[in-house]
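Student: I would like to work through this model with you, one question at a time. Could we begin once it is on the screen?

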Amino acid sequence: MSKTVKLRKGFDINLVGKAAKEMVEFAPAQTFAVKPTDFVGLQRPKVLVNEGDTVKAGTPIFFDKAMEQVKFVAPVSGEIIEVKRGEKRKLLEIRILADKEVAYEDLGKIDLSKIDRETLVDRLAQGGVWPHIIQRPFGVIANPADEPKAIYVSAFDTNPLSPDMAFVLQGQEAYFQAGLDALTKLTSGKVHLNINGDEQGSSLFSQAKNVEINRFSGPHPAGNVGVQIHHLDPINKGDLVWTVNPVGVAQIGKLVLEGKYDASKVIVLTGSELSKRGYVKTISGSAVTNYVKGNLQSGHIRVISGNVLTGEKISMEGYLGYYHNQITVIPEGDYEEFLGWLKPTTSKLSFHKAIGMLSFLNKGEFKVDTNTHGEERPFVVSGVFEKVLPMDILPTYLFKAIHAEDFDEMEQLGLYEIIEEDVALCEFVDPSKNDLQELVRSGIELLMYS
Amino acid sequence: MKALQNLFDSIKPNFEKGGKWEKFHTLYEGHRTIAFAPDLTTKAKGAQIKDATDLKRVMITVVIAMVPALLFGILNIGHQHFMATGEAATWIDKAVFGAISVLPILIVSYAVGLLTEFTFCVIRNHPISEGYLVTGMLIALVMPPYIPLWQVALATIFAVVIGKEVFGGTGMNILNVAMTARAFLYFAYPAQISGDQVWTYLADKTAVDGYSGATALAVAYNAGVEGVDAGQALAQHNASIGADFSFMNMFMGWIPGSIGETSTLMALIGAVILIGTGVASWKIIVSGFGGAYVMGLVMNLFAANEFMAMAPHLHLVMGGLAFGVVFMATDPVSASQTETGKWIYGFLIGALTIIIRVTNPAYPEGIMLAVLLMNVFAPLIDYYVVKANKTRRLQRATV
């Protein structure tokens with residue numbers, strides 16, 4: 001039974017710096033990196049290559065000793081130039097100097113009609129695409145030994161300045177469908193494809209076969225897969241479901257149809273500080289320098305891999321994250337503002353309407369920087385988080401339970417149903433400026449590892 | 001503004017680790033962040049942008065919402081004074097007289113409260129929070145105009161220390177801080193905060209013949225005791241000098257009472273600001289008035305005496321109900337924090353206020369005790385609302 005769900009709670013953050021739906025050209029990057037820090041829940045990564053080794057796209061370069069079957073592979077062919085470690089030898093980055101022409105490891109095509117589930121799981125785990133499959137609860141890479149109750153794909157992204165998924169996957173219809181077909185083999189339950197109910201939408205999604213199509217409409221976070229699961233079949237204790245983002249589905253499809261790990265993808269360059277914005281074809285883990293340097297409107301900026309709510313600050317020489325389909329560049333906000341907490345303004349974006357905060361009168365786009373606009377405080381204002389979290393969850397009480405490290409409360413109040421991205425809006429609107437995404441992860445880690 | 005920034009920068013080393021005033025670091029930060037919104041940026045991971053509203057702006061919104069009540073209070077203190085003494089006076093005279101009696105109370109409340117707060121921030125080394133901006137104003141507004149300043153200071157210290165800081169500061173308190181201050185005075189020094197003599201500031205003058213300084217609540221209560229119609233008793237009270245307790249007079253607030261509480265209209269203007277800006281919960285305000293009205297009707301059903309038989313709409317404009325429901329009950333820290341809980345919490349505050357008013361001769365004003373009582377019960381209400389949420393989740397799992 002496909003469902004149509006209308007959500008009312010939430011908040012669309014309307015920023016300056018949207019990209020037109022057109023491809024732009026940039027010189028391809030020379031270096032690429034796989035960042036183990038992108039993969040949540042990685043425990044004991046073991047590096048398989050040394051500096052100076054040559055690899056092909058699809059060559060395993062490290063794995064997690066806690067889940068040996070899943071291999072993390074090189075996105076391009078070339079030479080390993082650095083295995084960067086941080087404090088306590090924590091693995092930070094494995095950098096590859098790319099060949100001009102990408103050479104692929106032959107992983108063998110997959111005939112979905114003949115293959116059994118176990119072999120398919122193994123092929124996906126060896127083929128570099130497995131990390132796209134995320135397990136809920138907890139939002140960590142799925143364990144190949146598990147079988148999920150269902151698999152969910154959100155076909156649209158409602159985050160600020162987010163890419164249009166249909167545009168990103170243009171021309172990849174066959175791959176996308178093959179990816180979905182592969183997913184249907186992984187679960188005895190259904191594969192849900194959740195599409196945007198507010199738009200006519202691309203036939204790429206609405207005509208997809210062998211899946212259950214559900215429609216979601218409303219403000220952000222309507223596109224968050226966690227919110228969607230909550231309204232389709234909420235996760236209870238003991239349940240296990242998997243989620244994949246559409247780009248991951250297409251990459252799985254490429255492995256199935258072509259027999260190679262092709263990490264190329266289309267990402268969107270956005271943000272108020274970029275001069276040339278648009279969609280660009282790149283490869284997972286690409287250095288962002290070429291996209292950013294010489295393409296800036298001002299000097300003092302922050303480059304973000306991902307969107308402004310859940311992304312990660314990277315340097316101008318940094319690398320695109322494994323899961324990110326977007327680079328956002330916004331002004332850095334490290335300035336003091338005289339009576340900044342009191343001045344009336346229509347140009348500063350706020351969910352609230354407290355005295356002088358008149359942004360609700362401004363229907364236009366907002367240029368937002370990274371200033372926190374205030375210091376951290378205890379929770380004082382109540383009822384705000386509830387307005388931006390369209391789930392039957394009491395966020396304030398959940399956060400307090402995590403603070404108190406009360407395991408029973410965390411469980412009972414719904415920590416199984418949310419991950420960082422679901423509370424990103426709560427973190428944005430919080431007048432007390434708490435780091436709620438970090439808090440939620442710390443709670444999840446408590447539940448997982450103790 | 002560069003000059004001010006430079007001044008802050010120049011004294012900054014003294015407050016840093018190893019500086020001579022290292023201990024007072026939090027005071028430095030507190031003042032700098034009032035002058036300048038801080039230059040903090042978001043972390044490398046997580047939300048990269050944050051909402052432009054912070055707690056300071058939320059708190060100042062509440063303070064601004066109370067300004068109409070304060071200004072009206074000042075004017076009314078003067079108005080009551082000249083009416084009681086029978087002297088002719090212009091509005092300017094009244095405002096000046098009112099300001100002379102109200103401003104010292106306000107200043108003492110802020111000065112003593114902030115000093116107490118700063119002391120705790122320095123000792124406990126936590127940042128100065130904005131909460132007292134609101135509390136300082138509230139404490140002044142719930143005082144009678146005649147109150148000795150040392151009592152204001154004492155009550156403020158008691159409220160900040162016992163009501164808030166012992167629990168960990170702003171955001172952690174169980175009781176509404178301003179109500180704690182008032183309750184402290186009520187039980188420690190009842191002579192200065194109850195009876196008929198304290199609500200009109202006579203200074204050294206004497207009242208005209210036939211003037212009674214009683215509050216509307218006292219008049220209505222006495223009507224109940226004496227068995228005369230409460231509505232009529234109110235309308236006839238001080239009617240000879242035009243200071244009667246008609247519905248309109250009480251709604252406008254030209255009656256004796258605590259500084260900020262007399263005018264229902266000003267409380268409603270505050271409510272409009274608070275609800276319009278989304279700072280206070282409209283659910284608490286609406287259910288608070290609703291609870292009072294419904295309980296007024298219930299009292300009518302029993303009608304054991306004339307006060308109980310009084311028309312319920314009069315209850316809404318008498319005493320401090322409107323002020324308490326709008327500004328005290330909605331304090332988000334001590335109120336119920338679940339959305340369902342807010343309905344119950346507000347309703348019970350309204351209802352309890354009327355019960356205390358009508359049935360208890362010792363406490364003619366019920367709102368103070370009703371708010372404090374419901375502050376104590378708010379976590380219990382929330383407990384059951386949260387439990388219902390957990391149960392829903394559990395049932396879903398077993399179906």
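Student: In which loop of chain B does Thr215(B) lie?

Tutor: This is a predicted model, in which local features need pLDDT of at least 70 and side-chain atom pairs count only at pLDDT 80 or more, while totals for chains, interfaces and linings use all residues. Residues are numbered from 1 along each chain as its sequence is written, with chains lettered from A and ligands numbered from 1 in the order in which they are written. Helices (H or I, at least four residues) and strands (E, at least two) are DSSP runs numbered from the N terminus, and on that basis Thr215(B) lies in the loop between α7 (177-188) and α8 (216-226) of chain B.

Student: What does UniProt list for Thr215(B)?

Tutor: The annotation comes from an unreviewed entry, and UniProt annotations, given here in the numbering used for the model and with shortened feature names, may be inferred rather than shown by experiment. With that caution, the record lists Thr215(B) as "modified residue: FMN phosphoryl threonine".

Student: Is Thr215(B) buried or exposed?

Tutor: A residue is buried if 20 or more other C-beta atoms, placed from the backbone, lie within 10 Å of its own, exposed if 12 or fewer, and partly exposed in between. Because Thr215(B) has 29 C-beta neighbours inside 10 Å, Thr215(B) counts as buried.

Student: Which residues does Thr215(B) touch, not counting residues up to four places away in sequence?

Tutor: Two residues are in contact if their C-beta atoms, placed from the backbone, lie within 7 Å. With residues up to four places away in sequence left out, the partners of Thr215(B) are Trp199(B), Pro256(B), Gly257(B) and Gly319(B).

Student: Which residue of chain B stands opposite Phe338(A)?

Tutor: Two strands pair if DSSP finds at least two bridges between them, and two bridges join β20 (residues 337-338) of chain A to β1(B), the strands running antiparallel. Within β1(B), the residue opposite Phe338(A) is Phe36(B).
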